[in-house]
Amino acid sequence: PRTLKDKELKALWLSEVSDMANRIKKMRQMLYDGLKAEGSTLNWDHILSQIGMFTFSGLTKEQCEKLANEWHIYMTMNGRISMAGVTSQNAGYLAKAIHAVSK
């Protein structure tokens with residue numbers, strides 16, 4: 001509450017929230033572009049159209065298990081990805097793995 005009442009702190013907070021949201025959007029785009037670059041012909045538009053810190057990938061439980069067992073990528077078994085865990089360093093690896101299990 002103090003942050004929201006102080007004009008300078010509120011401006012800083014809003015700027016940081018905007019930066020975090022923009023980073024997640026960038027990671028969504030990187031994952032989407034990576035899937036296309038890997039040659040996936042599936043429709044991944046939902047990665048870009050969803051908002052927030054999580055993405056429902058559409059992957060099955062079996063595909064999620066393959067990601068965990070073969071690629072050491074962990075997500076909920078309903079295919080929900082925490083976009084906060086996607087970085088510019090691992091987005092390509094994630095795209096390669098998702099493509100491999102979803103062909």
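Predicted model: local features only at pLDDT ≥ 70, side-chain atom pairs only at ≥ 80, totals over all residues.
1. The buried residues of helix α4 pack against α5, which covers residues 91–102.

2. Which residues of α4 are buried? Helix α4 runs over residues 61–71, and its buried positions are Gln63, Cys64, Leu67, Ala68 and Trp71. These residues sit on the same side of α4, because the arc they cover around the axis is only 140 degrees. Glu62, Asn69 and Glu70 lie on the other side of α4 and are exposed.

3. After α4 comes His72. The phi angle of His72 is positive, with a value near 60 degrees.

4. Tyr74 belongs to the loop that links α4 to β2, the strand at residues 80–82. Is Tyr74 buried or exposed? The relative accessibility of Tyr74 is 62%, and exposed means over 50%, so Tyr74 counts as exposed.

5. Tyr74 can also be placed relative to α4. Cys64 is one of the buried residues of α4, whereas Tyr74 is exposed.

6. Now the fold as a whole. How many helices and strands does the protein have? There are five helices and two strands. Their order along the sequence is α-α-α-β-α-β-α. In that pattern, the loop holding Tyr74 falls between α4 and β2.

7. On overall dimensions, the radius of gyration of the protein is 16 Å, while a compact globule of 103 residues would have a value near 13 Å. The C-alpha trace spans about 50 × 25 × 20 Å along its principal axes.

8. Buried residues make up 31% of the 103 residues of the protein; among them are Leu67 and Trp71 of α4. The accessible surface comes to about 6800 Å², and carbon and sulfur atoms account for 57% of that surface.

9. What share of the contacts with a separation of 6 or more joins residues 24 or more positions apart? In this protein the share is 54%.

10. On charge, the protein carries 14 positive and 10 negative side chains. The centres of these two sets lie 3 Å apart. Glu62 and Glu70, on the exposed side of α4, have been noted above.

Notes: Residues numbered from 1 in each chain as written. Heavy atoms only, no water. Helix = DSSP H or I, 4+ residues; strand = E, 2+ residues; numbered from the N terminus. Rg over C-alpha atoms; globule rule 2.2 N^0.38 Å. Buried < 20%, exposed > 50% of the residue type's maximum accessible area, 1.4 Å probe, protein only. Contact = heavy atoms within 4.5 Å. Areas by Shrake-Rupley, 256 points an atom, 1.4 Å probe, with all protein chains shown as cover. Lys, Arg positive; Asp, Glu negative; His and termini not counted. Charge placed at Lys NZ, Arg CZ, Asp CG, Glu CD. Arc of directions from axis to C-beta.
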